[in-house]
Amino acid sequence: MPEDADDRQETPPVAAALAALGIPHQVFRHVGPLHSLEQAARERNQAPEQVVRSILFRTGEGRYAMVLVAGPRQISWPALRRFLGQSRLTMASPEEVLAVTGYAIGAVAPFGLPAPIPILLDESVLAQTEVSLGSGVRGVAVILYTADLRRALGEAPVGCFTGDDCGPA
């Protein structure tokens with residue numbers, strides 16, 4: 001069962017996974033419910049571009065890939081299909097997101113997953129010095145330096161998955 005606001009005082013699973021990797025980070029707990037990316041950024045004293053969205057795509061039967069993208073940016077389907085070498089892919093359903101990541105939409109991150117999946121990092125994320133991402137618990141985020149995020153992701157490919165207008169967000 002996914003963790004929710006009532007479980008927010010426990011160490012979030014993403015924070016535990018980052019700690020196990022030796023990655024410095026801070027946990028941020030929102031006071032009330034979140035209604036937008038802009039609200040999340042404002043409460044974290046960040047720009048919307050600093051909020052990293054972790055979006056899960058179905059690349060085939062039982063196969064998935066996650067793309068990390070800076071806040072308001074939108075994934076370019078042609079760019080992602082071209083990078084993955086696939087003519088067809090779809091966004092994962094909320095049920096698939098929970099089953100594959102163990103996290104509900106709004107709390108997803110590439111760490112602490114039940115099984116490894118390909119992680120792709122849009123270059124828009126690297127334009128920031130500090131970012132925040134899901135913690136595995138709704139209403140709670142982890143904040144870390146982009147260099148530490150990059151180190152934690154290891155060999156995750158970096159690319160332009162938001163189209164031809166890549167560059168700083």
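## Ground rules

Since the model is predicted, local features need pLDDT of at least 70 and side-chain atom pairs count only at pLDDT 80 or more, while totals for chains, interfaces and linings use all residues. Residues are numbered from 1 along each chain as its sequence is written, and side-chain values use heavy atoms, with hydrogens and water left out.

Helices (H or I, at least four residues) and strands (E, at least two) are DSSP runs, numbered from the N terminus. Buried means under 20% relative accessible area, exposed means over 50%, and partly exposed is in between (1.4 Å probe, protein chains only).

## The largest pocket

The largest pocket holds about 680 Å³. Here a pocket is an open set of points on a 1 Å grid over the protein atoms alone, where a 1.4 Å probe fits, with protein on both sides within 12 Å along at least five of seven lines; lining residues have an atom within 4 Å of a point. Grid points are joined across faces, edges and corners, and the volume is the space filled by probe spheres set on the points.

There are 32 lining residues, and the closest to the pocket's centre are Arg53, Ile105, Gly106, Ala107 and Val108. Helix H2 (37-43) and strands E2 (52-60), E6 (130-134) and E7 (140-145) are the elements that give two or more residues to this lining. E2 supplies the largest share, 5 residues. Sorted by class, the lining has 19 nonpolar, 8 polar and 5 charged residues. For that count, Ala, Val, Leu, Ile, Met, Phe, Trp, Tyr, Cys and Pro are nonpolar, Asp, Glu, Lys and Arg are charged, and the others, Gly among them, are polar.

## Helix H5 and its buried face

Now take helix H5, residues 146-153: Thr146, Asp148, Leu149, Ala152 and Leu153 are its buried residues. Looking down the axis of H5, you find them within an arc of 160 degrees, so they line one face of the helix. The arc is that of the directions from the helix axis to the C-beta atoms. A handy bit of background: an α-helix has 3.6 residues a turn, so residues three or four places apart point the same way.

What do the buried residues of H5 pack against? They touch helix H1 (13-20) and strands E3 (63-70), E5 (119-122), E6 and E7, where contact means heavy atoms within 4.5 Å. After H5 comes glycine 154, with a positive phi near 60 degrees.

## Helix H4, inside and out

Helix H4 (residues 94-101) buries Glu96, Val97, Val100 and Thr101. These cover an arc of only 105 degrees around the axis, which puts them on the same side of H4. On the face turned away from that buried side sit the exposed residues Pro94, Glu95 and Ala99.

The buried residues of H4 pack against E2, E3 and strand E4 (90-91). Glycine 102 follows H4, and its phi is positive too, near 85 degrees.

## Two aromatic pairs

The structure holds 2 aromatic pairs. Rings of Phe, Tyr and Trp (its six-membered ring) pair if their centres lie within 6.5 Å; planes under 30 degrees apart count as stacked, over 60 as edge-to-face and the rest as tilted. Phenylalanine 57 and tryptophan 77 make an edge-to-face pair, 5.3 Å centre to centre with 85 degrees between the planes. Phenylalanine 57 is in strand E2 and tryptophan 77 in helix H3 (residues 77-84), 20 residues apart. Phenylalanine 57 is buried at 1% relative accessible area, whereas tryptophan 77 is partly exposed at 30%.

In the other pair, the rings of phenylalanine 83 and phenylalanine 161 have centres 4.9 Å apart and planes at 85 degrees, so this pair is edge-to-face. Phenylalanine 83 lies in helix H3 and phenylalanine 161 in the segment after strand E8 (158-159), so the pair ties together parts that are 78 residues apart in sequence. Phenylalanine 83 is partly exposed at 41%, while phenylalanine 161 is buried at 1%.

## A few single residues

Asparagine 45 lies in the loop between H2 and E2. Its phi is near 55 degrees, a positive value in a residue other than glycine, and asparagine 45 is exposed at 71% relative accessible area.

Alanine 20, in helix H1, is also exposed, with 71%. Alanine 20 and glycine 112 are 92 residues apart in sequence and 9.9 Å apart in space, C-alpha to C-alpha.
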